[in-house]
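Here is a walk through one protein chain, piece by piece. Keep the 3D view open as you read.

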Amino acid sequence: MKRRLQKITNGTKKYFERLELDFNNKIEPTVELLLILQKAHLLNIPFENLDIHNNKRIDLKNSFDKIIINGRGGYCYELNGLFFELLKSIGFSVKLISARGFDRNKGFGPEFDHMAIIATINSVKYLVDVGFGEFTLHPLSAVLNKLQSDPRGNFIIEDYDKNYMIVKKENGSNSTFTPEYIFSEIERELTDFTEMCNYQQFDSNSHFTKKKLCTLPTLNGRITVTGNILKIKNNDKVIEREIKNDVELNRILMKYFKIKL
């Protein structure tokens, strides 16, 4: 298959700068590039819901300005919606898909509960996701029943029923697998997620409205603000401390996430 060289536009260049990546004038939509982009996205752009708690409406049309120009993060609809546009612009064959996150008390969420991406490269499909918090660092090959090792753990994708596949993560303690979410390969439009995006940011039953969240993986762990607690995990060492006020919160957001509200 002939490689498609894509010219880097100004918008793409700004996106790459946000990811702390530097490419030449043209790039190729390869598996290797996809891996680099997903990893860089996760390590540099936080998963966060801060606008919800600052009474600022999330509009998916503003994701580029919010995340790339203003240096913020977002939640799945913003992060994967924007990453989808980046991948499409540089020549990847991609589509948005709907997923339904798993809760051990409530089961799987409704349709459009989560947004993810399927990328097809040389007839091989990959599950791409930069908006699910503690998940994979690299894309997963959408091959059934294949154990896949990732820096964040071992994963497997299986058939769930005639409509969905399920992605599971191995529990290190007992080698069992816990569901992350179910997904179908039906292609979706960004507007299909509008109703659930509004639910997540406005409904009192949404877990995003319960408390502030800002989280970012590191190569050796994760840094998370949840409510008024700062948690820093580095390998097996975990430090937690209380955030006393908004002044301290803003200082933490700048120090660890480069976010200025």
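## A helix over a sheet

Start with helix 7 (residues 246-257), which lies across strand 13, strand 14, strand 15 (229-234) and strand 16. Helix 7 runs at about 155° to strand 14. Bear in mind as you look around that this is a predicted model.

What sheet do those strands belong to, and what is its order? They sit in an open sheet of five strands, with the order 3-13-14-15-16 and antiparallel pairing. At the edges stand strand 3 (47-48) and strand 16 (237-242), each with a single partner strand, so each has one side left without a neighbour in the sheet. As background, strands of a sheet pair through backbone hydrogen bonds, in either a parallel or an antiparallel way.

For a look at one pairing, take strand 13 (residues 213-218) and strand 14 (residues 221-226): they run antiparallel and are joined by six bridges.

## The chain as a whole

Now zoom out. The chain holds seven helices and 16 strands. Its radius of gyration is 18 Å, close to the 18 Å that the globule rule gives for 261 residues, so the chain is as compact as a globular protein of that length. Along the principal axes, the C-alpha atoms fill a box of roughly 55 × 45 × 40 Å.

How much of the chain is tucked away? Of its 261 residues, 47% count as buried. The accessible surface comes to about 13,800 Å², and 47% of that surface belongs to carbon and sulfur atoms. As for contacts between residues at least 6 apart in sequence, 51% of them join residues at least 24 apart.

## Helix 1 and its buried face

Which residues of helix 1 are buried? In helix 1 (residues 10-18), they are T12, Y15, F16 and R18. Seen down the axis of helix 1, these buried residues fall within an arc of 155°, so they line one face of the helix.

That face has several partners: the buried residues of helix 1 pack against strand 2 (26-27), helix 2 (31-44), helix 4 (63-69) and helix 5. Just after helix 1 comes E20, which takes a positive phi of about 60°.

## Two loop residues with positive phi

Two loops are worth a stop if you like checking backbone angles. S123 is not a glycine, yet it has a positive phi of about 70°. Where is S123? Its place is in the loop between strand 6 (114-121) and strand 7 (124-128). S123 is exposed, with a relative accessible area of 73%.

The other stop is N145, also a residue other than glycine, with a positive phi near 65°. You will find N145 in the loop between strand 8 (140-141) and strand 9 (148-150). Is N145 buried or exposed? At 56% relative accessibility, N145 counts as exposed, since the cut-off for exposed is over 50%.

Definitions and conventions: Residues are numbered from 1 along each chain as its sequence is written. This is a predicted model: local features need pLDDT of at least 70, side-chain atom pairs count only at pLDDT 80 or more; totals for chains, interfaces and linings use all residues. Side-chain values use heavy atoms; hydrogens and water are left out. Two strands pair if DSSP finds at least two bridges between them. Helices (H or I, at least four residues) and strands (E, at least two) are DSSP runs, numbered from the N terminus. Contact means heavy atoms within 4.5 Å. Axes are lines fitted to C-alpha atoms, for helices over the stretch in contact, and angles run from 0 to 180 degrees between N-to-C directions. The radius of gyration is taken over C-alpha atoms; the globule rule is 2.2 Å times the number of residues to the power 0.38. Buried means under 20% relative accessible area, exposed over 50%, partly exposed in between (1.4 Å probe, protein chains only). Accessible areas come from the Shrake-Rupley method with a 1.4 Å probe; for residues, only the protein chains shown count as cover. The arc is that of the directions from the helix axis to the C-beta atoms.
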